[in-house]
Amino acid sequence: MILITVKFPIREDRLEEWKELSQYYVEHVTAEPGNVFFEFSESVHEPRTFVCIEGFRDAEAGGEHMRQPHVERFMAEMPDIVSAQPQIIYVDAEEVDGFGPMGEIQPRG
């Protein structure tokens with residue numbers, strides 16, 4: 001599995017554009033056959049910073065993702081929306097195939 005985490009710092013005056021573009025992007029990426037998960041969340045510690053967590057089945061699925069028209073649109077519009085260069089963590093982990101249960105926390109009954 002390809003695991004990617006990206007932090008996107010967003011310009012205050014571009015938050016509405018960000019919301020529209022990120023919604024469009026999530027809808028299209030999650031429809032890709034090789035996508036396992038894809039989400040944006042707002043950082044608790046960094047104002048107007050959104051964290052993307054995404055997983056693709058394998059490197060082939062990740063490569064196919066990068067050739068999609070919605071990726072082209074996202075990459076073309078984001079330079080006008082970000083306030084600084086996004087930061088990324090990219091991991092190719094063949095032994096991982098998705099989320100699993102966290103042993104330390106379970107609901108109290």
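The legends below describe several close-up views of one predicted model.

Residues are numbered from 1 along each chain as its sequence is written, and side-chain values rest on heavy atoms, with hydrogens and water left out. Because the model is predicted, local features need pLDDT of at least 70 and side-chain atom pairs count only at pLDDT 80 or more, while totals for chains, interfaces and linings use all residues.

**View 1. The elements of the protein and their order.** The protein holds three helices and four strands, where helices (H or I, at least four residues) and strands (E, at least two) are DSSP runs numbered from the N terminus. Read from the N terminus on, the elements follow the order β-α-β-β-α-α-β. Taken along the principal axes, the box filled by the C-alpha atoms is roughly 45 × 35 × 20 Å.

**View 2. The open sheet of four strands.** Strands of a sheet pair through backbone hydrogen bonds, either parallel or antiparallel. Here the four strands form an open sheet in the order β2-β3-β1-β4, with antiparallel pairing; two strands are taken to pair if DSSP finds at least two bridges between them. Since β2 (35-42) and β4 stand at the edges with a single partner strand each, one side of each is left without a neighbour in the sheet. On average, and with direction ignored, neighbouring strands of this sheet are turned by 10° against each other.

**View 3. Bridges between the strands.** β1 and β3 pair in the antiparallel sense over eight bridges, and I2 stands opposite F56 in β3. The antiparallel pairing of β1 with β4 runs over six bridges, where I4 stands opposite Y90 in β4 and T5 has I89 in β4 as its bridge partner. β2 and β3, which run antiparallel, are joined by seven bridges, and N35 stands opposite F56 in β3. The hairpin of β2 and β3 has six residues between the strands, and in it R48 takes a positive phi near 60°.

**View 4. The crossing of helices α1 and α3.** The axes of α1 (residues 15-29) and α3 come within 10 Å and cross at roughly 160°, the axes being lines fitted to C-alpha atoms, for helices over the stretch in contact, with angles that run from 0 to 180 degrees between N-to-C directions. That angle makes α1 roughly antiparallel to α3, a term used for angles over 145 degrees. α1 passes α3 in a left-handed crossing, meaning that the near helix is turned anticlockwise from the far one by less than a right angle.

View 5. The largest pocket has a volume of about 370 Å³; on a 1 Å grid over the protein atoms alone, where a 1.4 Å probe fits, a pocket is an open set of points with protein on both sides within 12 Å along at least five of seven lines, and lining residues have an atom within 4 Å of a point. Grid points are joined across faces, edges and corners, and the volume is the space filled by probe spheres set on the points. Of the 22 residues that line the largest pocket, V6, F8, E54, M75 and I88 lie nearest its centre. The elements giving two or more residues to this lining are β1 (2-9), β3 (49-56), α2 (59-66), α3 (69-77) and β4 (87-92), and α2 provides the largest share, five residues. The lining divides into 18 nonpolar residues, three polar and one charged, with Ala, Val, Leu, Ile, Met, Phe, Trp, Tyr, Cys and Pro counted as nonpolar, Asp, Glu, Lys and Arg as charged, and the others, Gly among them, as polar.

Technical notes
Angles under 35 degrees count as roughly parallel, over 145 as roughly antiparallel, 65 to 115 as roughly perpendicular and the rest as oblique.
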